[in-house]
Amino acid sequence: MKTLFSGVQPSGIPTIGNYIGAYKQFVEMQDEYDAYFCIVDQHAITVPQDRLKLRENTRKLAAIYLASGLDPEKITLFIQSEVAAHAKAAWMMQCIGYIGELERMTQFKDKARRQNQRDGISVGLLTYPSLMAADILIYGTDVVPVGEDQGQHLELTRNMAERFNSKYNDILTVPEVKHPEVGGRIMSLNDPTKKMSKSDDNQKGFISLLDDPKAAAKKIRSAVTDSSSEVKYDKEEKPGISNLLTIYSALTGKSIADLEKQYEDSNYGVFKSELGEVVESFLIDFQDRVNHYLESGELDDILDQGAEKASTKADKMVEKMERAMGLGRKR
Ligand code: TYM
């Protein structure tokens, strides 16, 4: 069975963009792979976090993974900082990566620009992709399902794996990236030229998976769209309505062509109000499941077992990597 790995940061509550770009495909792929899903709290601290909030979000994120439909009997769910192999391998990958290639990452450039206005830029923000490469490579991962914004990090992971293999020993699997067919890049609701992001300062730009469902429907109804009124997918000319069509299609499974037909004789108002209802009922069901996991005692057991299983697998690869690089004594 091939191996799958993916991660989400507990730096806030995930958005419906994260759901569509990531969780939805995780669920669709869970039967076919030996799948590892990680709550990457060490990535989250590359920018300042409130200690208590981070803990709370980490727990909620675990519940959100499960509420999305992942079956803990089939997959391994764990917290990055609870599996020491990640930090160990990250150091090795930092010694494989070059400063120049890390500085070219667009996510680093964006976050560094924002961070510079508030505080200093941490070293961890720059070496973030080395930790991400470590996350993936220590499981011998074949495929990494992610949204489109992570494409550049994945390309760097592949380059680092190849560099390690040719410099030291050919032991790392070079992973493939997988983006969803629909919804690999959900855009902001108030600026459809910008990615939907949980760290957006404007609350109207994104819908968090734990937003009040009625308030979420309202955000959809007031989403920015262009001045014409035809419900038609056209990413260049009609980015706002195209983004809403993508969300609609991803949440209902209806194709974009079918939705265009369904709303042929309607205007944006009707379309947005019905999408608002779709989002509202999706969130009501979703949040019921999240609350179930948060209230049940099983969450901690799932995470304990996940960390143990992940460690068993990852430690073997870390040992091989250390041997290849000449670390420690010969055993
Ligand atoms: P993060 O936490 O920003 O996002 C988690 C997942 O959601 C996807 N995503 C989106 N998809 C569609 N539209 C959007 N607007 C949108 N915003 C986010 C992301 O592509 C991602 O799949 N660096 C990663 C976390 C990470 C990771 C890893 C991922 C750490 N190690 C190893 C894969 C493998 C991140 O910040 O994702």
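Here is a short chat about the ligand site and an aromatic pair in this predicted model.

Me: Hi! Which residues are closest to the ligand?

Reply: Gln9, Tyr128, Asp135, Asp149 and Ile186 are the closest, out of 27 residues that surround the ligand.

Me: And what is the make-up of that shell, by nonpolar, polar and charged residues?

Reply: The shell has 11 nonpolar residues and 11 polar ones, and the other 5 are charged.

Me: Nice. What does the side chain of Asp149 do there?

Reply: An N or O atom of the Asp149 side chain is 2.4 Å from an oxygen atom of the ligand.

Me: How much of the ligand's accessible area does the protein cover?

Reply: The protein covers 97% of the 710 Å² that the ligand has on its own. The ligand takes up the space of the largest pocket.

Me: Which elements give two or more residues to the shell?

Reply: Those are strand 1 (3–8), helix 1 (16–29) and helix 7 (123–137).

Me: Switching topic: how many aromatic pairs are there?

Reply: The count is 16.

Me: Why is the pair of Phe26 and Phe37 called tilted?

Reply: Because their ring planes are at 35°, with the centres 4.7 Å apart. Phe26 is in helix 1 and Phe37 in strand 2 (residues 34–39), so this pair links distant parts of the chain, 11 residues apart.

Terms used
Residues are numbered from 1 along each chain as its sequence is written. This is a predicted model: local features need pLDDT of at least 70, side-chain atom pairs count only at pLDDT 80 or more; totals for chains, interfaces and linings use all residues. Side-chain values use heavy atoms; hydrogens and water are left out. A residue is near a molecule or strand if one of its heavy atoms lies within 4 Å of it. A polar contact is a pair of N or O atoms within 3.5 Å; within protein, one must be able to donate a hydrogen and the other to accept it, and residues adjacent in sequence count only if both atoms are side-chain atoms. Accessible areas come from the Shrake-Rupley method with a 1.4 Å probe; for residues, only the protein chains shown count as cover. On a 1 Å grid over the protein atoms alone, a cavity is a set of points where a 1.4 Å probe fits but cannot get out, and a pocket is an open set with protein on both sides within 12 Å along at least five of seven lines; lining residues have an atom within 4 Å of a point. A molecule sits in a cavity or pocket if more than half of its atoms lie within 2 Å of its grid points. Helices (H or I, at least four residues) and strands (E, at least two) are DSSP runs, numbered from the N terminus. Ala, Val, Leu, Ile, Met, Phe, Trp, Tyr, Cys and Pro count as nonpolar, Asp, Glu, Lys and Arg as charged, and the others, Gly among them, as polar. Rings of Phe, Tyr and Trp (its six-membered ring) pair if their centres lie within 6.5 Å; planes under 30 degrees apart count as stacked, over 60 as edge-to-face and the rest as tilted.
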